[in-house]
Amino acid sequence: MTALSRRRFLTMSAACAAFPAGAKSAPTAHWHGVALGASASLRLEGLTDTQAAPIITAVEAEVNRLENIFSLYRPQSELSRLNRDGQLPAPAPELLNVLSLCSALHEATDGVFDPSIQPFWSALANGATAQEVHSARKSIGWSRVLIGSDMICLPQPGVSALTLNGIAQGAITDRIAALLASHGLRDVLVNMGEIAALGHRQDGQAWQVGLAGPGREVLKSIELSDRAVATSDAGNLMLTDDQGHILNPQDEVATNHIVSVSAPSAAIADGLSTALCALPETRVDAAIRSFPEARKEMYI
């Protein structure tokens, strides 16, 4: 069973369709490296090291490509350039897809999920004055971000900024799972803090995932097959004495929940689990219902 915590790490397990589950003669290839700035490992059942080499190269290249779109920490990523320049010509399709999902989450949560919260988040994280925090909060406004296939524009260049930290990791997880499947790997588990599970374990059973609580103890176990799960912990990083790192742009009251959501895609699970951490409990079920097949797995 894989325990899902909020640490940044990446593990991948996959089985080649050429070998039946549990085949004793099947070789196994292993890789250890770095992805998304964290230690990463990959285990490929049914492939020799030589056979696995092009798959591993493809995974490394894809993670690097996606970081060059979504990372807040790479100066030349598409997101960093958008935040710096106030506009981004010719945005990548992956970025447009994620921003479209952000709009759906924004609507489903009545504006609580808002990627334009980045200046407010930064002000709190950096210990800004009360006036600076107030000014940063006034810059929030997802509805004022202009998104087109040829250009994205922020409403206040030099002031407005976006963060996709509550959804991009799930989107990258989905993409890596699809990449492994495209190489003939039928049973895939990708864990990048969010989990995407395709097929089954080598024993033919569904993948087992443990959902961890505040002390990283497993509070609940769920089965996954062709499904994803994400956990968000608002109190895992505190910006102030009483405010966790997941913010509600509409409310001064801190809501430091731990929420796990499963869904057909890791991006949806990631975005929903993030949003529900900040959403008042009375509005959680309505937000979940906006996304078919999404489920609240844990809410504490």
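Q: Are helices α4 and α5 roughly parallel or roughly antiparallel to each other?
A: This is a predicted model, in which local features need pLDDT of at least 70 and side-chain atom pairs count only at pLDDT 80 or more, whereas totals for chains, interfaces and linings use all residues. Residues are numbered from 1 along each chain as its sequence is written, and side-chain values use heavy atoms, without hydrogens or water. The axes (lines fitted to C-alpha atoms over the stretch in contact, with angles from 0 to 180 degrees between N-to-C directions) of α4 (residues 118-125) and α5 (residues 130-138), both DSSP runs of H or I with at least four residues, come within 7 Å and cross at roughly 165°. Because angles under 35 degrees count as roughly parallel, over 145 as roughly antiparallel, 65 to 115 as roughly perpendicular and the rest as oblique, α4 and α5 are roughly antiparallel.

Q: How many charged residues are in the contact of α4 with α5?
A: Pro119, Phe120, Ala123 and Leu124 in α4 meet Glu132, Val133, Ala136 and Arg137 in α5, contact meaning heavy atoms within 4.5 Å. With Asp, Glu, Lys and Arg counted as charged, the residues of this contact divide into six nonpolar, no polar and, as charged, two.

Q: What is the relative accessible area of Glu45?
A: Glu45 lies in strand β4 (residues 38-45), a strand being a DSSP run of E with at least two residues, and its C-alpha atom is 4.6 Å from that of Thr28, 17 residues away along the chain. Glu45 counts as buried (under 20% relative accessible area, with exposed over 50% and partly exposed in between, using a 1.4 Å probe and protein chains only) because its value is 18%.
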